[in-house]
Amino acid sequence: MVLGVYRENWQRVWDLAQAEDGLYAALGLHPVYLARHRPQHLDDLRQWLQRLRGETKLCAVGEIGLDYYLEHLDRDAQQALFEAQLRLAAEFRLPALIHVRRAHAATIATLKRIRLERRGIIHAFAGSREEAREYLKLGFRLGLGGAPTWPQANRLRKVAAELPADAIVLETDAPDMAPSMYPGQRNSPEHLPDICRALAELRGVDAEELAASSSRNAAELFGWD
């Protein structure tokens, strides 16, 4: 999955997805790049989604969401942008790939108000057991990557160990969020098998079983054969 996060990189993302078998694109306006976004970009996103409607390589709206960790990002502007993109996901019957940092309560409240038929994934989930339960009640899957492989991530590791198998989609967030076996290194999709093995051990299951359930969950969500 290759994500478009601001207007200027959508074409590059789409070209990359088109050029390689097994790559899929999602297009959105990421909250971290709030200063780059303009009101016109929402209209542009609608036009892109309209033009690519029915394309199997376009599988989601994202990465979108709320980021309260970076204090300079205006929360009202983030909220308006998030809601507008959720409505586009609903209109075009696409899942959403959602970024959440220190904003779970606001995100959950928003997803309760703006319901998506095809739901989506809470990317790089790092919340509590209660927050996980709320997302699952709304029908969302939880993305797990490098973060719960770190021994000091005690709360997240406990949550990851308890999640139902049909809730998990494995991911890397490359080039960010390297797993514990690659400290200080650039993350890569090549690290996904190592992440899978570490999380399978945490959950007490075979890595092949976890990989199969993650692939099944992603295929069901995105409509992949």
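Q: What makes domain 1 and domain 2 count as being in contact in this predicted model?

A: In this predicted model, 16 residues of domain 1 are in contact with 11 residues of domain 2, and contact here means heavy atoms within 4.5 Å. The domain assignment places domain 1 at residues 1-118 and domain 2 at residues 126-224, and the centres of the two domains, taken over C-alpha atoms, are 21 Å apart.

Q: How do you know how much area domain 1 and domain 2 bury between them?

A: The size of an interface is often given as the accessible area lost when the parts come together. For domain 1 and domain 2 that area is about 1200 Å², with 70% of it on carbon and sulfur atoms. On the side of domain 1, H104, I108 and R118 supply 40% of the area buried against domain 2, more than any other three residues.

Q: Why is the pair K112 and E134 called a salt bridge?

A: The closest N and O atoms of K112 and E134 are 3.1 Å apart, and the cut-off is a Lys or Arg side-chain nitrogen within 4 Å of a carboxyl oxygen of Asp or Glu, so the pair meets the rule. The count between domain 1 and domain 2 is 1 salt bridge, and 3 residue pairs are found in polar contact across the same interface.

Q: Which elements give two or more residues to the side of domain 1 that touches domain 2?

A: They are β3 (58-67), β4 (96-101) and α4 (104-113), and the largest share, 5 residues, comes from α4. By class, this side of domain 1 has 11 nonpolar, 2 polar and 3 charged residues.

Q: Why is R141 called buried, while E220 is called exposed?

A: R141 has a relative accessibility of 10%, and since buried means under 20%, R141 is classed as buried. E220 has a relative accessible area of 58%, which is over the 50% limit for exposed. The side chains of R141 and E220 meet in a salt bridge at 3.0 Å, N to O, and this pair links distant parts of the chain, with R141 in strand β6 and E220 in helix α8, 79 residues apart.

Q: What makes E83, R87 and R113 one network?

A: Salt bridges that share partners join E83, R87 and R113. By the salt-bridge rule, the count comes to 12 salt bridges.

Q: What makes H99 buried, and which side chains does the side chain of H99 meet in polar contacts?

A: H99 lies in strand β4, and its relative accessible area of 9% is under the 20% limit, so H99 counts as buried. The side chain of H99 makes a polar contact with the side chain of H30 at 3.4 Å and another with the side chain of D67 at 2.7 Å, and each of these distances is within the 3.5 Å cut-off. Leaving aside neighbours within four places in sequence, the residues in contact with H99 include P31, V32 and E63.

Key: Residues are numbered from 1 along each chain as its sequence is written. This is a predicted model: local features need pLDDT of at least 70, side-chain atom pairs count only at pLDDT 80 or more; totals for chains, interfaces and linings use all residues. Side-chain values use heavy atoms; hydrogens and water are left out. Domain bounds come from an automatic or database domain assignment. Buried area is the accessible area (1.4 Å probe) that two parts lose on being put together, summed over both. A polar contact is a pair of N or O atoms within 3.5 Å; within protein, one must be able to donate a hydrogen and the other to accept it, and residues adjacent in sequence count only if both atoms are side-chain atoms. Helices (H or I, at least four residues) and strands (E, at least two) are DSSP runs, numbered from the N terminus. Ala, Val, Leu, Ile, Met, Phe, Trp, Tyr, Cys and Pro count as nonpolar, Asp, Glu, Lys and Arg as charged, and the others, Gly among them, as polar. Buried means under 20% relative accessible area, exposed over 50%, partly exposed in between (1.4 Å probe, protein chains only).
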